[in-house]
There are 2 protein chains.
Amino acid sequence: MLQTVLPDVIRESIENKNWTRLASPDIDWPEFEIVAPELADYIRDIDKTDRVLLFRALPRDLKVDIFAFLDPETSDNLLLELTDAETRHILAELEPDDRTVLLGELPGQVTQRLLTLLSPDDLKEARQLLGYPEESIGRLMTPDYVAVRPSWTVAEALDHIRRHGHESETVNTVYVTDRSGKLIDALPLRRFILAEPHETVDSIMDRTVVSISAYEDREEAVRIMQRYDRIALPVVDSGGVLLGIVTFDDVFEVAEQEATEDFHRSVAIAPLKGSYWETSAVRLFRSRIGWLSILVFVNLISSGVISAFEETLAAYVTLAFFIPLIIDTGGNAGSQSATLMIRAISTGDIHLKQWGRVFMKELLIGAAIGLSLGALGAVLGVFRGGPAIGLVVFMTMATMLVMTNLIGMLMPFVLTRIKLDPAIASGPLITSIADAVGLVIYFSYARWILGL
Amino acid sequence: MLQTVLPDVIRESIENKNWTRLASPDIDWPEFEIVAPELADYIRDIDKTDRVLLFRALPRDLKVDIFAFLDPETSDNLLLELTDAETRHILAELEPDDRTVLLGELPGQVTQRLLTLLSPDDLKEARQLLGYPEESIGRLMTPDYVAVRPSWTVAEALDHIRRHGHESETVNTVYVTDRSGKLIDALPLRRFILAEPHETVDSIMDRTVVSISAYEDREEAVRIMQRYDRIALPVVDSGGVLLGIVTFDDVFEVAEQEATEDFHRSVAIAPLKGSYWETSAVRLFRSRIGWLSILVFVNLISSGVISAFEETLAAYVTLAFFIPLIIDTGGNAGSQSATLMIRAISTGDIHLKQWGRVFMKELLIGAAIGLSLGALGAVLGVFRGGPAIGLVVFMTMATMLVMTNLIGMLMPFVLTRIKLDPAIASGPLITSIADAVGLVIYFSYARWILGL
């Protein structure tokens, strides 16, 4: 169970639905940012009639913080019940990046209505942020940052930070820009605190800065932040002009969403827009049935193989005994090497050009797995159908495992090379391909060794 | 390709192996923290004879930063070549959390040798941090933080931060403790900057703090940081006394490692200690062969089912045609629902007690998938073997898909309930179970409908 940070009086008021008490000025509210996630959970879980009552009883500015933590469905639902004045206040006070997320997730008509409630400046900003491609850095960016000039003294810079820091999302990093707005440096706030007040900003700079383009894929921010241990990244245009910043919290969320998408893709589920609860049964069905149907046709290849060898099978029905063993084992080994590759490619551990070295390594591992499981299969084969069947199973397992292991390894490389997501290679697709390969090898050896 | 932040002169010196030039005092080094990840890559990729030469040519303090980014194999290898004096300097200057990671990852004898090189204070600290369980928060913790007292003024606090901030890993958050060391509050540094100097710390406190226990699993830190959007979490003992902090960069890495482990487990690969390149072929083989062998035996259940229905199969060899289709489709649907659950449980989207609602939702989805793919299968069945076979395939697909979908959904709940990792349920295991279920249903319907 997650710890609760809500004072008892607040939790009890909510649980007893005592909205008057909750709204009373006597309540000593903790820092809004800390209690917002917990209250967002309450708002999501409470029945719809009480939702607005609870929300209305909260302090004005807390409402804004809560909106940053609500899922799209609950936001949408809540916005329907709020007056234009209430909505206007929330929209005006939300951080620009959270506002972009909210506007981007809501149904089109709702977004249109909300845009009419924005101030002219915010509207311009929102239009601009919503103009970036859906999975780009631009969508996660906030234009609220603190920038100083190299010629200022540390004291002047601190004074500027003190005056403009209130509205900036993070003042832990201070950006240095030249007259044309070009980013020159990013310095941790502590360096200003630890420096002598009369030094110039120029003298504490090192002119080394890690930045990212607004049009870059948001996954790239995850990689750069992780590589350089940054908590915020400056976002620049093609000319190096500072446009805004992306902060670790948004990126952290992106990393988790991307991992979830990869997990789902690995079992042939099309990416879901929201969480399991946010996705209706109909939409879940749709995201699953597509690939399942395609795979039925892929599996017909295996059926075709069985059909082609029907006489062999009819003559030796015992051969059917090993069909599940052979096709599953091949699929399992193929999924393993495919998943190892997919993950290593996506975390940057393996680069595409290293495919040759990986191929040799997996050839070795596939051979070792093939010989081991082949020996195991041989014992089962002898036991079940005599030495000839044992030999067939051994040869099949050894050959097939080397091949399926390599197919599993190669597919993610090929898919990445032709700009497709390698994750679709794992699990079901590899399994179906491995099935067909395994069956061809099995029946060919059987026909040859059993002399059919 | 990742952007480079290394100045050309440095990159060229390394590429031309001009170590004298690299070591020359004329070189204007950028901030060490920013260039360290890139140099760590160079050190990893360069041949072993040049590794020490490159390392020796670098500025003294940069060496320390680089060690925080090296993989265990390269660190181990490099440490062998360094003198005791060099090693002592690196160990003394490493952040305590990075030191714990290094000591924890190296082979036992190496760790023992390194411990003898530590100062008495550092040795005590290292022993204490290494004393926490391997996957606990304690292992990631750094005892370097800045703490102030409630009675101080903001000016006094800032002065204290200025004096002690140099050695603390992050001064973005300032902790407030009472006389006994108990944690009372955690305040962003900016609140001190933005406050009036004569105010007391007490007056800017809100006494709301999110903390974590040193013995808690490190995955818990990921969840809490994400939920509360924190970049650092204070770590406390059972009495609430502040022991240290964990910072987002370590937690970010944990989140990625855990996701990788889950991916690997989902295809029956035992967790690897390091990355793909760090893991030898022998170790990769070992981590894969275990489950693959077990699954061979699980697959014998399916073989047993075929064996039990051998006469049915012999009478209607056409039935074999649909075996790959049926067992793969059942496995695919089961893997899908299992993976949906595993991921939703691990991200906190679904709680164990909600299993009833999930069951109903998946029953519905399974029925929809069963009817759709059943209809598809029926067409194929009629086409291939006439109306009776069509009916058998339809009934099998419909029944099997409802069942395998529910089995896939239930297993992660059951495994979590009995404190096993739900991830082992996905992919191969579910597939094997689904196979047996599918085959029993298939042959039973066949025997009944075909009147065998």
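Predicted model: local features only at pLDDT ≥ 70, side-chain atom pairs only at ≥ 80, totals over all residues.
Residues are numbered from 1 along each chain as its sequence is written, while chains are lettered from A and ligands numbered from 1 in the order in which they are written. Helices (H or I, at least four residues) and strands (E, at least two) are DSSP runs, numbered from the N terminus.

- Strand β5(A) spans residues 232-236, and five of its five residues are buried. Here a residue is buried if 20 or more other C-beta atoms lie within 10 Å of its own, exposed if 12 or fewer, and partly exposed in between, with C-beta atoms placed from the backbone.
- Cover is found on both faces of β5(A): A:A232, A:P234 and A:V236 are buried on one side, and A:L233 and A:V235 on the other.
- On the parallel side, β5(A) pairs with strand β4 (residues 212-213) of chain A over two bridges; strands pair if DSSP finds at least two bridges between them. A:I212 has A:V235 as its bridge partner in β5(A).
- In the antiparallel sense, β5(A) is joined by five bridges to strand β6 (residues 242-247) of chain A. There, A:T247 of β6(A) is opposite A:A232.
- The strands β5(A) and β6(A) make a hairpin with five residues between them, and A:G240 in the turn has a positive phi of about 85 degrees.

**Helix α14 of chain A**

- In helix α14 (residues 218-228) of chain A, the buried residues include A:R218, A:A221, A:V222 and A:I224. A:M225, A:Q226 and A:Y228 of α14(A) are buried as well.
- The cover over these buried residues comes from both chains: it includes β4, β5, β6 and α15 (248-265) of chain A, along with α3 (32-45) and α15 (248-265) of chain B.
- After α14(A) comes A:D229, with a positive phi near 50 degrees.

**A closer look at A:Y175**

- A:Y175 sits in strand β2 (residues 173-177) of chain A. A:Y175 counts as partly exposed because it has 19 C-beta neighbours inside 10 Å.
- Leaving out residues up to four places away in sequence, A:Y175 touches A:Y145, A:V146, A:A147, A:L183, A:A186, A:P234 and A:L242. Two residues are in contact if their C-beta atoms, placed from the backbone, lie within 7 Å.
- From A:Y175 to A:S337 there are 162 residues in sequence and 44 Å in space, C-alpha to C-alpha.

- Chain B has an open sheet of three strands in the order β1-β2-β3, with mixed pairing. Its edge strands, each pairing on one side only, are β1 (147-148) and β3 (183-188) of chain B.
- Strand β2 (residues 173-177) of chain B runs antiparallel to β3(B), with five bridges. In this pair, B:L187 of β3(B) is opposite B:V174.
- B:K17 is not a glycine, yet its phi is positive, near 50 degrees. B:K17 lies in the loop between α1 (8-15) and α2 (19-23) of chain B, and B:K17 is partly exposed, with 14 other C-beta atoms within 10 Å.
- B:R207, another residue other than glycine, has a positive phi near 55 degrees. B:R207 belongs to the loop between α13 (201-204) and β4 (212-213) of chain B, and B:R207 is partly exposed, with 13 C-beta neighbours inside 10 Å.

**Where the chains meet**

- In the contact between the chains, 92 residues of chain B touch 93 residues of chain A. On the chain B side, helix α16 (residues 281-308) gives the most, with 15 residues.
- That side of chain B divides into 53 nonpolar, 24 polar and 15 charged residues. Ala, Val, Leu, Ile, Met, Phe, Trp, Tyr, Cys and Pro count as nonpolar, Asp, Glu, Lys and Arg as charged, and the others, Gly among them, as polar.
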